[in-house]
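This report sets out the computed structural features of a single protein model.

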Amino acid sequence: MSLTTPMTRTLRPMTRTLLGMAVGLALSAGPLTVQAQSNEDVKMGFIVKKPEQAWFINEQEAATKLGEKKGFEVVRLSGEDGQEVLSAIDNLNSQGAQGFVICPPDVRLGPAIMNRAKQYGMKVVTVDDRFIGGDGEPMENVPHLGMSGYKIGEQVGNAIAEEMDNRGWDPDEVAALRITNYELPTAKERTDGATAALLESGFKKDNIFDAPQQNTDTSSAFSAASPVFSKRGDFEHWVIYALNEESVLGGVRASEQYGLDPEQVIGVGINGSGAAFAEFSRETPTGFHGTVAVSSTMHGRQSADNLYQWITEGEKPPANTETTGKLMTRDNWQDVREELGL
């Protein structure tokens, strides 16, 4: 026979409610809040598309050092294609990471990457290259930190124009090698900015020749640049620009193979990393005149800090933060390196 009465049936839900309220009050009285995360428990990934490039090495190292200082863990991973990125995200989930910073190998992978991240409840911040959605527009809901590609491109074009003037070159008799990768919006922004600045300085549009590259490294740029020099042997003076200094160096190496002297070439890159430092350290100057240096160290540190604050404090970073750079040449590279913490 049941001993339950209407009164006890009424009290049981009330008891459960009171117990829930008591637990809630006890939790709210403690040091934790709903969105807060203990520093010791914070783990984030830092995924880059070219882990062997000095720029990305600097970024990951800066993020790691910040983690050591603030007490969170950074897992450094490679993501050179879509499958490797998704595997990296799975790896991070298995390690209990709350989110990751990423420079994607292809910006169009944004929706797929975000879908995988959402499955695991991970927060995502992009660095350098921004996700593009299915509509072809930047994914505004994913916080991003990167360069102002167009403005930095303009800095490249202005630096080239100034050095041409210093050498007394006639713009009508100079050819420009534009090493391109238009499938990467960041690359297009940079080379478009450089082109606009050159044209504004009086450069002839018909003297700009494209060298489409398959990748963003030196060997790919070398392969793209070599046929252009062979076909346009009527020019004695050349300027070279691209999305980064590795690609410009590929163009410079191609000009050397073709037989052009350093005095006949002005190459200006973008980044300010080990590739440029090695070139400036050569005993004999080359056609690599300079690079617009941006602090990869700052990019790595700031993007990791943005994600850390988001995880621990619930503060979502700004939708888009843009940086600019400073011209680094053989004459001032060590000073600029120290100034930017590279």
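This is a predicted model: local features need pLDDT of at least 70, side-chain atom pairs count only at pLDDT 80 or more; totals for chains, interfaces and linings use all residues.

Both Phe72 and Tyr308 are buried.

**Overall composition**

The protein chain has 342 residues, of which 50% count as buried. Its secondary structure comprises 11 helices and 12 strands. Among the contacts with a separation of 6 or more, 74% join residues 24 or more positions apart.

**Aromatic pairs and a charge over a ring**

In total, the structure contains 9 aromatic pairs. The rings of Phe72 and Tyr308 have centres 4.6 Å apart and planes at 20 degrees; because planes under 30 degrees apart count as stacked, this pair is stacked. The pair connects distant parts of the chain: Phe72 is in the loop between α2 (54-70) and β2 (73-78), Tyr308 is in helix α10 (residues 296-313), and 236 residues separate them. As stated above, both residues are buried.

The pair of Phe280 and Phe288 has its ring centres 5.6 Å apart and its planes at 45 degrees, and is therefore tilted. Phe280 and Phe288 are both buried.

A single aromatic cluster is formed by Phe209, Phe229, Phe235, Trp238 and Tyr258. An aromatic ring also takes part in a contact with a charge: the charged end of Lys188 sits over the ring of Tyr182, at 5.7 Å from its centre.

The largest pocket has a volume of about 390 Å³. It is lined by 17 residues, and those closest to its centre are Pro105, Asn181, Gln214, Asn215 and Thr216. By class, this lining has 5 nonpolar, 6 polar and 6 charged residues.

Of the 16 residues that line it, Arg130, His144, Thr186, Glu189 and Glu322 lie nearest its centre. The elements contributing two or more residues to this lining are β5 (144-147), α5 (149-167), α6 (185-200) and β11 (320-323). The lining of the second largest pocket divides into 6 nonpolar, 6 polar and 4 charged residues.

Val48 lies in strand β1 (residues 43-48). Its relative accessible area is 0%, so Val48 is buried. Beyond its neighbours within four places in sequence, Val48 is in contact with Phe56, Glu59, Gln60, Leu77, Ser78, Gly79 and Cys103.

With neighbours within four places in sequence left aside, the contacts of Lys43 are Glu73, Val75, Gln95, Ala97, Gln98 and Gly99.

**An exposed loop residue**

Lys205 is in the loop between α6 and β7 (208-212). At 65% relative accessibility, Lys205 counts as exposed, since the limit for exposure is over 50%. The C-alpha atoms of Lys205 and Ala176 are separated by 9.2 Å, and the two residues are 29 residues apart along the chain.

**Positive phi angles**

Most residues other than glycine have a negative phi. Which value does phi of Asp128 take? Phi of Asp128 is near 75 degrees, a positive value in a residue other than glycine. Asp128 is located in the loop between β4 (123-127) and β5. Phi of Asn271, likewise a residue other than glycine, is positive and near 145 degrees. Asn271 is found in strand β9 (residues 265-271).

The relative accessibilities of the individual residues discussed above are collected here.

| Residue | Relative accessibility | Class |
|---|---|---|
| Val48 | 0% | buried |
| Asp128 | 7% | buried |
| Asn271 | 5% | buried |
| Lys205 | 65% | exposed |

Key:
Residues are numbered from 1 along each chain as its sequence is written. Side-chain values use heavy atoms; hydrogens and water are left out. Rings of Phe, Tyr and Trp (its six-membered ring) pair if their centres lie within 6.5 Å; planes under 30 degrees apart count as stacked, over 60 as edge-to-face and the rest as tilted. Helices (H or I, at least four residues) and strands (E, at least two) are DSSP runs, numbered from the N terminus. Buried means under 20% relative accessible area, exposed over 50%, partly exposed in between (1.4 Å probe, protein chains only). A charge sits over a ring if NZ of Lys or CZ of Arg is within 6 Å of the ring centre and within 35 degrees of the ring normal. On a 1 Å grid over the protein atoms alone, a cavity is a set of points where a 1.4 Å probe fits but cannot get out, and a pocket is an open set with protein on both sides within 12 Å along at least five of seven lines; lining residues have an atom within 4 Å of a point. Grid points are joined across faces, edges and corners, and a volume is the space filled by probe spheres set on the points. Ala, Val, Leu, Ile, Met, Phe, Trp, Tyr, Cys and Pro count as nonpolar, Asp, Glu, Lys and Arg as charged, and the others, Gly among them, as polar. Contact means heavy atoms within 4.5 Å.
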